[in-house]
Amino acid sequence: MATIAECRAALEKLSDSMQHAQGDVRTAAALDRSVSCHLTDLDVTFVGRLQGGRIQVHDTVQGPPPQKAEIRLAMTGDDLVALVDGELHFAKAWGSGRVKLHAGVRDLLVLRKLL
């Protein structure tokens, strides 16, 4: 099982990749939205902001997100690490329910370029 530190490192790696993206992916990463990522197996949520092409984690809280972020993810820590490492395909994980993504319709249309 992935640790909180490994999951935070995975979010940093994802953030670094997004910042160096080009084209449509760069445009999608340029959203300015509140973000939460709930790790269901660890019962921990990373709370932050997608801004300037990066995910900035501001806080780590026990349990589900304390407030409803504009973009909300939920998955296990192992799935987060596997997604970022390219071992798990987002669309398949989302389609099977392993990863949950909640956002407004417009944001979902833009985020599909990232995913």
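How many of the 7 residues of strand 1 (residues 33-39) are buried? In this predicted model, 6 of them are, and strand 1 is accordingly described as mostly covered.

The model contains an open sheet of 5 strands, arranged in the order 3-2-1-4-5 and with mixed pairing. Its edges are formed by strand 3 (54-62) and strand 5 (100-103), each of which pairs on one side only. From one strand to the next, the twist averages 20°.

Within this order, strand 2 and strand 3 run antiparallel and are joined by 8 bridges; in that pairing, Gln-51 has Arg-54 of strand 3 as its bridge partner.

## Strand 1 and its two neighbours

On one side, strand 1 is joined by 7 bridges to strand 2 (residues 44-51), and the two run antiparallel. One of the residues involved is Arg-33, whose bridge partner in strand 2 is Leu-50. Strand 1 and strand 2 form a hairpin in which 4 residues lie between the strands, and Asp-43, in the turn, has a positive phi of about 50°.

The pairing of strand 1 with strand 4 (residues 71-75) is parallel and comprises 5 bridges. Here Val-35 has Ile-71 in strand 4 as its bridge partner.

## Helices on the sheet

To return to the strand 2 and strand 3 pairing, in which 8 bridges join antiparallel strands, helix 1 (residues 4-19) packs on the sheet and touches strand 1, strand 2 and strand 3, its direction making about 160° with that of strand 3. Helix 3 (residues 77-84) also packs on the sheet, where it touches strand 1 and strand 4, and its direction makes about 110° with that of strand 4.

## The contact of helix 1 with helix 3

Helix 1 and helix 3 pack with their axes 9 Å apart and at an angle of about 30°. Because angles under 35 degrees count as roughly parallel, helix 1 is roughly parallel to helix 3. The crossing of the two helices is left-handed.

From helix 1, the residues Glu-6, Cys-7, Ala-10, Leu-11, Lys-13 and Leu-14 take part in the contact, meeting Gly-77, Leu-80, Val-81 and Val-84 of helix 3. The residues of this contact divide into 7 nonpolar, 1 polar and 2 charged.

## Asp-78

Asp-78 lies in helix 3. With a relative accessible area of 39%, Asp-78 is partly exposed, since that class covers values between the 20% limit for buried residues and the 50% limit for exposed ones.

Although Asp-78 and Met-1 are 77 residues apart along the chain, their C-alpha atoms are separated by 6.1 Å. Leaving aside residues up to four places away in sequence, Asp-78 touches Met-1, Ala-2 and Asp-41.

## Arg-112

Arg-112 lies in the segment after helix 5 (105-111). Its relative accessible area is 57%, and Arg-112 is therefore exposed, the cut-off for that class being over 50%. Between the C-alpha atoms of Arg-112 and Gln-56, which are 56 residues apart along the chain, the separation is 20 Å.

Technical notes:
Residues numbered from 1 in each chain as written. Predicted model: local features only at pLDDT ≥ 70, side-chain atom pairs only at ≥ 80, totals over all residues. Heavy atoms only, no water. Buried < 20%, exposed > 50% of the residue type's maximum accessible area, 1.4 Å probe, protein only. Pairing = 2+ DSSP bridges. Axes fitted to C-alpha atoms, helices over the stretch in contact; angles between N-to-C directions. Contact = heavy atoms within 4.5 Å. Parallel < 35°, antiparallel > 145°, perpendicular 65-115°, else oblique. Left-handed = near helix turned anticlockwise from the far one by under 90°. Nonpolar A, V, L, I, M, F, W, Y, C, P; charged D, E, K, R; others polar.
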